[in-house]
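Subject: Structure handover

Hello,

The structure is pasted below for your files. My notes on the rings and on one of the pockets follow.

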Amino acid sequence: MRTMRSFFILSSLVAFALLFTPVGASADWGFSMGDDGWNPGRTQHYDDITKIEFFIPSVVQNAGVTWSGDGVTNLSSSSWSATQVNPAYVLATGTGVGSLFWSLVFSGTAPSEFRLDYLVYTGDQSNPVYSITMNIVNGVANFTEGTGWVALGPGELPSYDRNPVPLPPSAWLLAVGLVGAFAFKRRMAR
């Protein structure tokens with residue numbers, strides 16, 4: 001009986017660990033780019049960028065494309081870091097800089113055409129100072145203004161999903177089951 005309980009506890013712990021351990025995924029495609037703080041709409045340069053939001057907008061050509069890993073890597077400033085908030089949103093923050101370079105990494109195969117949006121913020125992080133939409137063709141970015149990318153005005157911004165990925169219901173059920181199993185074990189030991 002003791003062996004059976006030990007086996008049950010060990011298998012429960014292994015299942016719990018597998019559920020919450022990220023699977024080693026590799027980036028299937030990506031590219032490097034940056035931003036020099038130039039707002040084309042206002043013909044103004046910003047030298048205090050403190051936040052950039054990267055989005056994979058919900059458009060037909062983006063179907064099935066998600067971020068891989070943190071999504072944004074190799075940030076040129078060591079004071080910056082990036083976090084994947086959900087499969088379509090990465091948030092990068094750091095101390096004020098006038099230009100920043102990075103690598104973008106995506107899972108899946110590069111679609112023939114893909115759209116990426118990013119919003120640039122300065123000290124006031126409540127509203128972006130400018131927003132860029134880019135069209136990437138066959139996994140290659142065209143950095144030419146007007147054809148490869150354009151600045152989005154405030155009225156052109158879609159409603160982006162900034163919500164974090166919630167824990168799946170199965171994770172909650174597993175947690176409740178484990179707590180119940182340990183409580184039952186403790187009760188039986190008395």
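A pocket here is an open set of grid points with protein on both sides within 12 Å along at least five of seven lines, and its volume is the space filled by probe spheres set on the points. Please keep in mind that this is a predicted model.

On that basis, the second largest pocket holds about 210 Å³ of space. Its lining consists of Met33, Gly34, Asp35, Asp36, Trp38, Tyr118, Ile132, Met134, Phe143 and Trp149. Sorted by class, these are seven nonpolar, one polar and two charged residues. Strand 1 and strand 10 (130-137) each contribute at least two lining residues; strand 1 contributes the most, with three.

Now the rings. Twelve aromatic pairs turn up in a search of the whole structure. In one of them, Trp29 and Phe106, the ring centres are 4.5 Å apart and the planes are at 25 degrees, so the pair counts as stacked, the cut-off being under 30 degrees. This pair joins distant parts of the chain: Trp29 lies in strand 1 (residues 29-35) and Phe106 in strand 8 (residues 100-107), 77 residues apart. Trp29 is buried, with 8% relative accessibility, and Phe106 is also buried, at 0%.

Ring pairs also tie Trp29 and Phe106 into a cluster with Phe31, Phe54, Trp67, Trp102, Phe114 and Tyr118.

Last item: Lys51 has its charged end over the ring of Tyr121, at 4.2 Å from the ring centre.

Regards

Notes:
Residues are numbered from 1 along each chain as its sequence is written. This is a predicted model: local features need pLDDT of at least 70, side-chain atom pairs count only at pLDDT 80 or more; totals for chains, interfaces and linings use all residues. Side-chain values use heavy atoms; hydrogens and water are left out. Rings of Phe, Tyr and Trp (its six-membered ring) pair if their centres lie within 6.5 Å; planes under 30 degrees apart count as stacked, over 60 as edge-to-face and the rest as tilted. Helices (H or I, at least four residues) and strands (E, at least two) are DSSP runs, numbered from the N terminus. Buried means under 20% relative accessible area, exposed over 50%, partly exposed in between (1.4 Å probe, protein chains only). A charge sits over a ring if NZ of Lys or CZ of Arg is within 6 Å of the ring centre and within 35 degrees of the ring normal. On a 1 Å grid over the protein atoms alone, a cavity is a set of points where a 1.4 Å probe fits but cannot get out, and a pocket is an open set with protein on both sides within 12 Å along at least five of seven lines; lining residues have an atom within 4 Å of a point. Ala, Val, Leu, Ile, Met, Phe, Trp, Tyr, Cys and Pro count as nonpolar, Asp, Glu, Lys and Arg as charged, and the others, Gly among them, as polar.
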